[in-house]
Amino acid sequence: MTTSTRIKRIVDLCKSVKTAADIGADHGLTSAALLWRGLAERIIASDISEKSIAKAQALFSERGLADKTECRVGDGIQVLQPGEAEGIVISGMGGQMILHILQDRPEVVRKADWLVISPQSNVDLVRSSLPQMHLCIEEEDIVEEDGKYYPIMRIVPAQAQAYTSAECFTGKPELMRSKERFLEYMEYMINKFQTIVDQAQDSPELPRLQVRLDMYKAARQKGMQL
Ligand SMILES: C[S@@+](CC[C@H](N)C(=O)[O-])C[C@H]1O[C@@H](n2cnc3c(N)ncnc32)[C@H](O)[C@@H]1O
């Protein structure tokens, strides 16, 4: 089965459950990979767009997965009853949208064993908001696709750990599945912010940018010592 490395990494962070939900399923590839890998016996695939869910449905029929999948159209986890899915995947959306989805139905989130989320923006906001929702990051990974880096986190309903403001941007190195991938990502961010800092020498933004650069350097240092 051909699936992107991004989706493979998302699925790698999922744990075995009876029913998993793929929220914002779109093409349905994550759902199909979860079934193919034996990580779920049954999938609830949902999307806010009817067109997207039709794509997922077509994929499931084509791959003989129709009897193991249920497709729903709706907003976020409003499509789920509490306890209906022990595992929930929400990927390929901005961080604010993912937070909105989580905050919208706390009773569904609380009843899940785990959620794997992959925010494509505002990752600092996501990490800093999780404790208010009593969600704890259990493990993280990073994936690069088409020159962009995407964080992936498995979160669980539990007393959340404290994150410094720097860790909200970088993540905690000790929670990363792959030290090599974490260091590669830190290297990428250091190069990116070094270039920005170099070009912002006369800007009032310089101190803030320098702080960001130093955060990534410190996280790389910590990661290298693990
Ligand atoms: C870029 S695709 C990501 C597909 C897949 N999850 C992935 O990671 O490749 C985003 C999908 O999320 C859906 N979506 C956006 N907002 C949503 C919401 N509030 N509830 C459910 N689905 C949503 C979109 O319709 C789209 O199909």
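The C-alpha centres of domain 1 and domain 2 lie 27 Å apart. The bounds are 5-160 for domain 1 and 164-226 for domain 2; they come from an automatic or database domain assignment.

Some ground rules. This is a predicted model: local features need pLDDT of at least 70, side-chain atom pairs count only at pLDDT 80 or more, and totals for chains, interfaces and linings use all residues. Residues are numbered from 1 along each chain as its sequence is written.

Now the interface. Ten residues of domain 1 are in contact with eleven of domain 2. Contact means C-beta atoms, placed from the backbone, within 7 Å. On the domain 1 side, helix 6 (123-129), strand 6 (135-145) and strand 7 (148-157) each give two or more residues. Strand 6 gives the largest share, five residues. Helices (H or I, at least four residues) and strands (E, at least two) are DSSP runs, numbered from the N terminus.

Seven strands form an open sheet, order 3-2-1-4-5-7-6, with mixed pairing. Pairing takes at least two DSSP bridges between two strands. Strand 3 (69-73) and strand 6 are the edges, each pairing on one side only.

Zoom in on strand 4 (87-93) and strand 5 (114-119). They pair in the parallel sense over six bridges. Serine 91 has serine 118 in strand 5 as its bridge partner.

Last, the helices. Helix 1 (5-12) lies across strands 4, 5, 6 and 7, at about 160° to strand 6. Axes are lines fitted to C-alpha atoms, for helices over the stretch in contact; angles run from 0 to 180 degrees between N-to-C directions.

Methods
Contact = placed C-beta atoms within 7 Å.
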